[in-house]
Amino acid sequence: MQEMPLQTKDCHKCGKSYSYRNSGNMIVFCPHCHHSDIVCCDFGFGPVTPCSIDLGDKRIAILDTEEVDRQIRYRLVSEEYGIDKYLESSYMEAIGEAGRIMSEKIDGI
Ligand SMILES: [Zn+2]
């Protein structure tokens, strides 16, 4: 994926500023309080994947789609947290499911 310049914003929840990369489809967790501060995707205009999942400016996971047995499956891969799994949900729900999984992992450390 193309590297985008760093941007800065204030977390909606804790108000602290952090940097992140805008990559179109993305979930960004605040590195301070771990709130999923940005959930952004091209919903309605195109595919919601690949969706990057970042902790501040650090890439921690990728959500992508794969065709398995003629079905589109959503696959969440995180080397950082040792995750490689197909999600139960699809489309927008898959984004939410991936967000919940990563949120638990981040808080578990
Ligand atoms: Zn925060």
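Colleague: In what order do the elements of the protein run from the N terminus on?
Modeller: The model is predicted, and the protein in it has 1 helix and 8 strands. Read from the N terminus on, these elements follow the order β-β-β-β-β-β-β-β-α.

Colleague: What is the radius of gyration of the protein, and what does the globule rule give for 109 residues?
Modeller: Along its principal axes the C-alpha trace spans about 45 × 30 × 20 Å. The globule rule gives 13 Å for 109 residues, and the protein comes close to that, so it is as compact as a globular protein of that length, with a radius of gyration of 14 Å.

Colleague: Which strand has the highest confidence?
Modeller: The pLDDT of the protein averages 91, and 92% of the residues score at least 70. Confidence is lowest in strand E4, residues 36-40, at a mean of 92, while the highest value, 97, belongs to strand E8.

Colleague: Which strands stand at the edges of the open sheet?
Modeller: The open sheet of 6 strands has mixed pairing and the order E4-E3-E5-E6-E7-E8. Each edge strand has a single partner strand, so one side of each is left without a neighbour in the sheet, and these edge strands are E4 and E8.

Colleague: Which residue in E8 is the bridge partner of Leu76?
Modeller: Strand E7, residues 71-78, runs antiparallel to E8, and 4 bridges join the two. The bridge partner that Leu76 finds in E8 is Lys85.

Colleague: At about what angle does helix H1 run to E6?
Modeller: Helix H1, residues 91-107, lies across strands E3, E4, E5, E6 and E7. Its angle to E6, which covers residues 58-68, is about 140°.

Colleague: With which residues is Cys51 in contact, leaving aside its neighbours within four places in sequence?
Modeller: The largest nonpolar core has 20 residues, and Cys51 is among those with the most contacts inside it, together with Ile27, Ile53, Leu63, Ile95 and Ala98. The elements giving two or more residues to this core are E2, E3, E5, E6, E7 and H1. Once neighbours within four places in sequence are set aside, the contacts of Cys51 are Asn25, Met26, Ile27, Cys41, Leu63 and Ile95.

Colleague: Which two residues does a cis peptide bond join?
Modeller: Most peptide bonds are trans. Here, however, a peptide bond with omega of about 0° is cis, and Pro50, which takes part in it, has its place in the loop between E4 and E5. The residues joined by this cis bond are Thr49 and Pro50.

Colleague: Is Asp69 buried or exposed?
Modeller: Asp69 has its place in the loop between E6 and E7, and its phi is near 50°, a positive value in a residue other than glycine. A residue with 12 or fewer C-beta neighbours within 10 Å is classed as exposed, and because Asp69 has 5 inside that distance, it counts as exposed.

Note on methods
Residues numbered from 1 in each chain as written. Predicted model: local features only at pLDDT ≥ 70, side-chain atom pairs only at ≥ 80, totals over all residues. Rg over C-alpha atoms; globule rule 2.2 N^0.38 Å. pLDDT = per-residue confidence, 0-100. Pairing = 2+ DSSP bridges. Contact = placed C-beta atoms within 7 Å. Axes fitted to C-alpha atoms, helices over the stretch in contact; angles between N-to-C directions. Core = buried A, V, L, I, M, F, W, Y, C linked by C-beta atoms within 7 Å.
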